[in-house]
Structures are given as structure tokens and as C-alpha cells.
Amino acid sequence: MQGYAGRMDAARDLGAPDSPGALDSPGSPDSPGAPLATEAVLAVLRTSSWLLAELQPVFTAEGISATRFDALEVIARCGTGVRPAELRDRLHLPAQTVTGVLDQLEAAGLVRRSRHPADRRSILVSATDAGRAVLDRICPPLIEIEEDCLAALSPAEQQQLAGLLGRVQDRIARRRAARNGS
């Protein structure tokens, strides 16, 4: 019987983008005898990796990483500003990663930090005009790629996929909260 790590390696090898037939059949069974949850997790991880690889040229052309883009998008949607702790919670990133991302975005002139008007101990981060301009340039090609990649699914299937993944994310959030005593 093959152990978990062996099943993961075998499934990864079968799904590697450069392996024969991998791009033709990303939904094929990963490993005979692998637990269903393992197969599902590997499919999600592989799909995530492939989607990021498709989107990466757009990020690279704009000189921004996927993580910095995600942060900038959340900040811009918050309008008047967001606290770094709220950004951490929304992006599910460690605090030190959020600080580094904010430092990079601020150095690029895409966000600004300011004192919170009601709580001098806290800061708010807001998008600058330059940050909003980056989003205006980068979102259309990203959406085009996303729509093309998901064209294999009907709108109803896309909605179902988003709902199912949302349920998995909720479960993971509850696991994290239980570990952290929240």
C-alpha cells in the first residue's frame, strides 16, 4: 500500500503541466486508491497553480505580484481605507506578510497609510490614484483569461464551483479559529 506522500507524488507527476496528456485531461483520476479528499485537494492545488501560471504574464507586465494585486484590490474596494489587520483577515495572510506587501505597494505609490481618525493607535491603508489606475489596466485582461479558463463550465457550474469552494474555505476558517482559540 502506497503512503500518503507517495500518492501525493504520483498524483503530482500525473498532473504536471509538462507531462504527456496532462493538459488534455486535468480531471482524470490522480492515483488509483487515493482517498477522495486527497484527489480533490490535489485537483484544487493543481488548478490553482495552472490558473496562476495563466495570469502571471499580466501581473509581470504590470510589475506586480498576485499577492500585491489581491491586497490592492481589497484596499481599493474598501474605499476610505482598511486596517492592516482587516486586510490580513480578508487575505488570510500572516501579519508580517501583510506588512511587507503594504511596504511594497506604498513604495510603488499604489497605496498610502494614514492615521485612523477615530483611533490614533491604528492606521488605515487606502489606494492612491496610481493604485486605482493599475487595477483599471490589469483587471480587463485578468477577467478575459479567467473567463476563457472557466469556459469549460456553464455559468451554473461556475456558480456551483464557487459555492463549493466557499464551503471548503469556511471549513478551513473554522479549523484555524479553533486552533487559535478564537
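# Chat about a predicted helical and strand fold

Me: Okay, what's the mean pLDDT?
Reply: The mean pLDDT (the predictor's confidence in each residue, from 0 to 100) is 85, and 81% of the residues reach 70 or more.

Me: And where is confidence lowest, and where highest?
Reply: Helix 1 (residues 4-15) is lowest, with a mean of 48, while helix 6 (residues 129-149) is highest, at 97. Over residues 1-8, pLDDT stays under 50, and the model has 12 contacts beyond four places in sequence for them; a contact means heavy atoms within 4.5 Å. Residues 14-30 also stay under 50, with 23 such contacts.

Me: Switching to helix 3. Which of its residues are buried?
Reply: A66, F69, A71, L72, V74 and I75 are buried, meaning under 20% relative accessible area, with exposed over 50% and partly exposed in between (1.4 Å probe, protein chains only).

Me: What do they pack against?
Reply: Their partners include helix 2 (36-62), helix 4 (84-91) and helix 5 (95-107), along with strand 1 (111-115), strand 2 (123-127) and helix 6.

Me: What span should helix 3 have?
Reply: Its 12 residues (66-77) should span 16 Å at 1.5 Å a residue, and the end C-alpha atoms are 16 Å apart, so the two agree. The expected span is 1.5 Å times one less than the number of residues. Just after helix 3, G79 takes a positive phi of about 70°.

Me: Now the surface: which residues make the nonpolar patch?
Reply: V44, L150, L161 and L165 make a patch of about 270 Å². Patch residues have over 30% relative accessible area and no salt bridge, with like charges joined within 9 Å and nonpolar side chains (Val, Leu, Ile, Met, Phe, Trp, Tyr) within 5 Å. A salt bridge is a side-chain nitrogen of Lys or Arg within 4 Å of a carboxyl oxygen of Asp or Glu.

Me: Where is L165?
Reply: L165 sits in helix 7 (residues 155-180), and it counts as partly exposed because its relative accessibility is 33%.

Technical notes:
Residues numbered from 1 in each chain as written. Predicted model: local features only at pLDDT ≥ 70, side-chain atom pairs only at ≥ 80, totals over all residues. Heavy atoms only, no water. Helix = DSSP H or I, 4+ residues; strand = E, 2+ residues; numbered from the N terminus. Areas by Shrake-Rupley, 256 points an atom, 1.4 Å probe, with all protein chains shown as cover.
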